[in-house]
Amino acid sequence: MTAANAEAVDALDATLMAYMAMRIDIGDRLKSVFAADPDMPMALIVKGAFLKMFATAAMEEGARKTLGAAREAIARRPVSAREEAHLSALASWVDGEMEAACRGWEAILVDHPRDVLALKLSQLNRFYLGVAKDMRNAAGRTWYAWDATVPGYGFIAGSYAFALEEAGEYARAERLGRRAIDLEPADIWAAHAVAHVLEMTGRSADGLSWLDGLRDHWGQIHNFVHHAHWHRALFALDCGDVAKALAIFDNDVWTDRVEDYLDLSNGASLLWRLEECGIDIGRRADPVADLALKKARDHGLVFADCHVALALAMAGRAEELSDFLDDLDRFAARQGTQAQVAADVGRSLCMAVLADAAGDAEQVIDLLLAARGDLHRIGGSHAQRDLFERLLIANTMKAGRPALARALLSERLEARPSDAWGKARRTRLAAA
């Protein structure tokens with residue numbers, strides 16, 4: 001890397017290790033890089049990427065300005081081809097071209113398979129493109145270069161485990177994720193990867209025990225910790241422990257928030273699941289809707305937009321939801337990856353949420369059946385997107401369409417035979 005001194009390079013390495021570990025001190029570590037070299041090209045590129053991750057309008061502007069600063073820094077001195085490639089990939093991402101950005105990072109990884117920034121940014125964007133196999137393959141192409149003698153191996157193993165899980169390779173994902181935890185007990189991304197395996201294979205009691213046993217290691221983790229607790233709440237709900245699920249929401253999910261899109265999705269989707277199960281959530285949806293209003297014009301990720309709609313609908317904010325949908329239409333007319341996803345599938349999902357709140361089960365069914373084939377394009381995990389599958393099935397039952405409900409439940413339980421929610425709905429349908 002091009003830098004004024006070795007101190008800056010060491011500080012950037014420490015920043016990237018903190019990023020992989022999801023530590024709360026990432027920002028402080030990055031500041032130490034700039035203290036050693038205010039003009040370091042890779043440090044500026046890392047800062048631009050970190051700002052872009054927030055997916056808010058204000059941070060988007062910050063990312064664009066930082067990209068400009070990186071261009072100026074590179075213009076003032078000779079840099080390596082890899083640094084030039086990182087600049088180009090970041091520029092694609094800032095311009096909203098996520099696929100082009102991924103191709104850029106993955107090209108870097110051919111010659112530099114231990115470039116953890118390229119690897120993690122590729123995974124993040126493939127995740128929000130909804131292309132699980134591409135996410136798995138990108139990690140697989142670098143795996144030959146990693147072993148336990150390489151610093152950071154445990155964190156990369158945890159990342160690969162998650163990619164394997166999303167691609168449906170559950171047994172291998174679980175083995176690798178547990179191995180990552182053996183090496184790095186505080187690796188919350190690896191813990192999360194195994195939790196996803198346990199969710200998808202219907203082992204909720206094991207999942208709750210797994211996460212409960214690791215939570216003492218999470219004291220230095222940033223707000224992603226709330227998402228791990230979201231998984232704990234899902235497992236508790238599946239196990240029938242409603243009191244514990246509500247307590248986790250109150251004490252671990254909706255508390256000490258950074259107030260980013262993941263906090264919003266955690267809160268809205270967990271409350272929807274609780275309410276759909278017949279649980280009284282009181283006024284808990286109100287503060288979630290307040291956060292949704294703060295995010296309503298960001299449109300950084302359609303995944304987040306869908307949860308804005310969900311939060312507003314649950315809190316009965318009809319006028320604000322209508323305004324949000326109008327603004328989403330304007331965003332969908334723009335250029336870029338997420339604008340296209342909004343036009344093709346995002347608005348339909350948001351309209352389905354609106355129809356559900358209005359009690360129009362038939363419209364929910366029509367919208368979700370039409371959008372279902374493209375659902376993966378909003379990104380997020382299978383577990384997160386499952387909300388819309390549940391919304392569809394719940395409305396087939398509300399609409400009095402048992403044949404369609406039976407067919408969808410059969411499909412679900414063939415794919416996930418141990419799914420507690422699906423089995424409970426099949427029992428309810430049979431009783432009706």
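What is the relative accessible area of D344, and does this make the residue buried or exposed, or does it fall in between?

A: D344 has a relative accessible area of 34% and is therefore partly exposed. On this scale, buried means under 20% relative accessible area and exposed means over 50%, with partly exposed in between, using a 1.4 Å probe and protein chains only. The model is predicted, so local features require pLDDT of at least 70 and side-chain atom pairs pLDDT 80 or more, whereas totals for chains, interfaces and linings use all residues. Residues are numbered from 1 along each chain as its sequence is written, and side-chain values use heavy atoms, without hydrogens or water.

D344 lies in helix 19. Helices are DSSP runs of H or I with at least four residues, strands are runs of E with at least two, and both are numbered from the N terminus. D344 is 30 residues from D374 in sequence, and their C-alpha atoms are 8.0 Å apart in space.

Two packed helices are described by the angle between their axes and the distance between the axes. Helix 19 (residues 337-357) and helix 21 (residues 382-398) pack at about 40 degrees, with their axes 11 Å apart. The axes are lines fitted to C-alpha atoms, for helices over the stretch in contact, and the angles run from 0 to 180 degrees between N-to-C directions. Angles under 35 degrees count as roughly parallel, over 145 as roughly antiparallel, 65 to 115 as roughly perpendicular and the rest as oblique; helix 19 and helix 21 are therefore oblique to each other. Their crossing is left-handed, a term for a near helix turned anticlockwise from the far one by less than a right angle, with clockwise giving right-handed. Helix 19 supplies L349, V353 and D356 to this contact, and helix 21 supplies F388, L391, N395 and K398. Contact here means heavy atoms within 4.5 Å.

L349 and F388 also belong to the largest nonpolar core, where they are among the residues with the most contacts inside it, together with W105, W218, L274, F324 and I378. Such a core is a set of buried Ala, Val, Leu, Ile, Met, Phe, Trp, Tyr and Cys residues joined through side-chain atoms within 4.5 Å. This core has 160 residues, and helix 17 (residues 302-314) gives the most to it, with eleven residues. F324, for its part, touches A296, H299, D305, V308, A309, L312 and C350, leaving aside residues up to four places away in sequence.

C306 is in no disulfide, as the nearest cysteine sulfur, that of C350, is 4.3 Å away. C306 counts as buried because its relative accessibility is 1%. The sulfur of C277 is too far for a bond because the closest cysteine sulfur, in C239, is 13 Å away. C277 itself is partly exposed, with a relative accessible area of 32%.

Two further regions complete the description. H196 is placed in helix 11 (residues 188-200) and, at 0% relative accessibility, counts as buried. Beyond residues up to four places away in sequence, H196 touches F162, E165, E166, H227, H231, S381 and A383. Helix 22 (residues 402-415) and helix 23 (residues 420-431) pack at an angle of about 150 degrees, with their axes 10 Å apart. Helix 22 is therefore roughly antiparallel to helix 23, and the crossing of the two is left-handed. In this pair, P402, A405, R406, L409, R412 and L413 of helix 22 meet W421, G422, K423, R425, R426 and L429 of helix 23.

How values were computed. A disulfide is a pair of cysteine sulfur atoms within 2.5 Å.
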